[in-house]
There are 2 protein chains.
Amino acid sequence: MDGINILGDINVVNMSGRRKTSKRSAAERRDSYHHGDLKRALTDAALRLVAEKGPKGFTLTEAARRAGVSAAAPYRHFADKDQLLAAAAEQGFLQLHAALTKAADSACDPKRRLVALGRAYVRWAVTHPDHYQIMFGAQTVGSDHRGLVIAAAQAFNDLFEATTTYVTSETRRGRDPRRHAGAPWSLVHGIASLSIGGDLDHAGIHDDPPALAARAVAQHLEVSSTSAPESAPAPS
Amino acid sequence: MDGINILGDINVVNMSGRRKTSKRSAAERRDSYHHGDLKRALTDAALRLVAEKGPKGFTLTEAARRAGVSAAAPYRHFADKDQLLAAAAEQGFLQLHAALTKAADSACDPKRRLVALGRAYVRWAVTHPDHYQIMFGAQTVGSDHRGLVIAAAQAFNDLFEATTTYVTSETRRGRDPRRHAGAPWSLVHGIASLSIGGDLDHAGIHDDPPALAARAVAQHLEVSSTSAPESAPAPS
DNA sequence: ACCTGAACACCGTTCAAGT
DNA sequence: ACCTGAACACCGTTCAAGT
């Protein structure tokens, strides 16, 4: 096995020792009968298709074509089309979780942390619109994909934890702090969705979405606070 | 023409005078060669399909089948599948606009009005999840459907107007009040989306979504205000 | 003016057969 | 263990032909 997988790109894997260097298209990159990391190649293709043609532009056949395999090949790795999308969504939630964790570590103050999380959430969403659309297109809840549900819960839990910490530190009655997480979560998801959908732009709201999120979360936590609402906080 | 159209349901229209009362399925309701109001029957079928099987459960063929016509018949009324969805989305935005207008009239105080709008927005969304999913599934922005874009703008404008009125009445610096509409809009859209998607429920947030919206908007407008945040305002 | 029937390309999925 | 090729049902769309 002399093949080397390059994560995040189509793999040039070969069980045999042959080399073919004349062509570079996805279909030509495969030297042997076996692909090597078809699973990854397919989720990557799904992301690219969504980025190019929107959520409805993804088809299993086209993804297989781009990966250079037959239309039946994906079924060795995914039960069906939805399971492929679920796998892509899971990837997304894991990345989002990582981004949120990193943002949370950068702030000690409970309020600043929640603001940082809101900004990081929206920033990740708008820089990965293809992922984000798949994550909330394939309904996370109804999915029977175990990993997806867990990964999504982890990402959302980052917001919940920060909200809980803030609420219990600031408020006199700390009962049911989970209840207070609905608003900030909805706020950042709404900004992300409307921004990716182009609705904010179309309505004449051209603010930088992450900055808008930071401002809005800060304002929501306390009306008289933080930086002046006129000037958005500087991105980290 | 003795046929009478019943808005909001499959029509029992006939150009001829024949009657057929034995069956009641959609396919059997049509007595004559012509349907009568196929356009409406198709958008209704689309809504029902989305309600039953989710946004991906809608197919033009199945909608035609339920309306009792051939798969080719819809093309006399809509250019393609997306145009049918756009028409359904337009209906939705008109209804939402009406609901918001009604809610706005019920409150004079700028702040209470914005709160009422937020509650009405989410209430309409969660009581019409099929419509709402179509409205934000078929991306409103990129659509070449003139009526849809206008209807959507009207609905959003209800929120903008109320926000502008509030901001200029309350704030010292009233420049660019449109900018302040992004947060409340994102908030109510986020609550509506996450609620319809089942994510809020799944995360253990079982609040009544309209009440959550009212609370969150009120809190966003001013932290020390209105009714106690512990008890949700009573629905109108 | 509106609808049907047949046709075509394309997609999701299955399965026997290849490597 | 992984992939291909052929097959089938189904969907979107078109068009000539019916009422």
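A helix here is a DSSP run of H or I covering at least four residues, and helices are numbered from the N terminus. With that in hand, we can go to the DNA. One caution before we do: what you see is a predicted model.

Start with DNA strand C. In total, 19 residues lie around DNA strand C. Which come nearest? They are Leu60(A) and Ala72(A) from one chain, and His35(B), Ser70(B) and Ala72(B) from the other. By class, the surface near DNA strand C has 10 nonpolar, 5 polar and 4 charged residues.

Now DNA strand D. Helix α2 of chain B, residues 60-67, supplies the largest share of the surface near DNA strand D, namely 3 residues. That surface divides into 10 nonpolar, 5 polar and 4 charged residues.

Last, the two protein chains. How many residues does the contact take from each chain? It takes 34 from chain A and 34 from chain B. On the side of chain A that touches chain B, three helices each supply at least two residues: α7 (182-196), α8 (199-202) and α9 (209-221). Of that side, α7(A) gives the most, with 10 residues. Sorted by class, the side of chain A that touches chain B has 15 nonpolar, 14 polar and 5 charged residues.

Definitions and conventions:
Residues are numbered from 1 along each chain as its sequence is written. Chains are lettered from A and ligands numbered from 1 in the order in which they are written. This is a predicted model: local features need pLDDT of at least 70, side-chain atom pairs count only at pLDDT 80 or more; totals for chains, interfaces and linings use all residues. Ala, Val, Leu, Ile, Met, Phe, Trp, Tyr, Cys and Pro count as nonpolar, Asp, Glu, Lys and Arg as charged, and the others, Gly among them, as polar. A residue is near a molecule or strand if its C-beta atom, placed from the backbone, lies within 6 Å of it. Two residues are in contact if their C-beta atoms, placed from the backbone, lie within 7 Å.
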